[in-house]
Amino acid sequence: MPQLVTVHSAKKIAEATYQTLLNDSGNAVAVVSEEGRLLMVNRKFEELSGLSRREIEGRKTVYDFFREDHDRIDHFLQKRGKRTAAGVTSCESRFFGLHEEVRSVYVTVSDIPRSHKFLLTLADVTELRELQS
């Protein structure tokens, strides 16, 4: 029985750590299913999209926000297990938020080990691109 309590405690600590990392990230972050459904998003993703978690989680897909890059997103999602050594794929893309607001984002897709899920990280580079123009 003591081992069961230890495993349960370790699981709780891991979940709390995961939630902290997700919510306190300086970038928009989402956990995505194999099919592209957004399962979990952080506050920054809410801000970037203009939608609430309730409106996104389980209801929206990556295709709702990356309307111009369906082929590239499909490629990322199908590339499971064939990424770089770190299991990461990155690119720059256009992100469509609420009211068709378009932002330039640097997208990183990472496999979540031992799952059929991905971690999608978005760094908003809109202001940088505007300065470069």
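Colleague: Where does D69 lie in this predicted model?

Modeller: D69 lies in the loop between α4 and α5, the latter covering residues 70–78. Leaving aside residues up to four places away in sequence, D69 touches S93 and R94.

Colleague: What makes you say that D69 has no salt bridge?

Modeller: Good one to ask! The nearest side chain of opposite charge is R72, 4.2 Å away. A salt bridge needs a side-chain nitrogen of Lys or Arg within 4 Å of a carboxyl oxygen, so R72 does not qualify as a partner for D69.

Colleague: Let's turn to the rings. How many aromatic pairs does a search of the whole structure find?

Modeller: That search finds four aromatic pairs.

Colleague: Why is the pair of F45 and F95 called edge-to-face?

Modeller: The ring centres of F45 and F95 are 5.7 Å apart, and the planes stand at 85°. Centres within 6.5 Å make a pair, and planes over 60 degrees apart make it edge-to-face, so F45 and F95 meet both conditions.

Colleague: What makes you say that this pair ties together parts that are apart in sequence?

Modeller: F45 sits in helix α2 (residues 43–49), whereas F95 belongs to strand β3 (residues 88–96). The pair therefore joins parts 50 residues apart in sequence.

Colleague: And how do you know whether F45 and F95 are buried or exposed?

Modeller: F45 has a relative accessible area of 1%, and F95 has 0%. Buried means under 20%, so F45 counts as buried, and so does F95.

Colleague: F65 also pairs with F95. Why is that pair called stacked?

Modeller: The rings of F65 and F95 are 5.1 Å apart, centre to centre, with 5° between the planes. At a relative accessible area of 3%, F65 is buried.

Colleague: Which residues form one aromatic cluster?

Modeller: F45, F65, F66 and F95 form it.

Colleague: And for the whole chain, how many helices and strands are there, and in what order do they run?

Modeller: The protein chain has six helices and five strands, and from the N terminus on they run α-β-β-α-α-α-α-β-β-β-α. Of its 133 residues, 35% count as buried. Among contacts between residues at least 6 apart in sequence, 40% join residues at least 24 apart.

Notes:
Residues are numbered from 1 along each chain as its sequence is written. This is a predicted model: local features need pLDDT of at least 70, side-chain atom pairs count only at pLDDT 80 or more; totals for chains, interfaces and linings use all residues. Side-chain values use heavy atoms; hydrogens and water are left out. Rings of Phe, Tyr and Trp (its six-membered ring) pair if their centres lie within 6.5 Å; planes under 30 degrees apart count as stacked, over 60 as edge-to-face and the rest as tilted. Helices (H or I, at least four residues) and strands (E, at least two) are DSSP runs, numbered from the N terminus. Buried means under 20% relative accessible area, exposed over 50%, partly exposed in between (1.4 Å probe, protein chains only). Contact means heavy atoms within 4.5 Å. Lys and Arg count as positive and Asp and Glu as negative; His and the chain ends are not counted.
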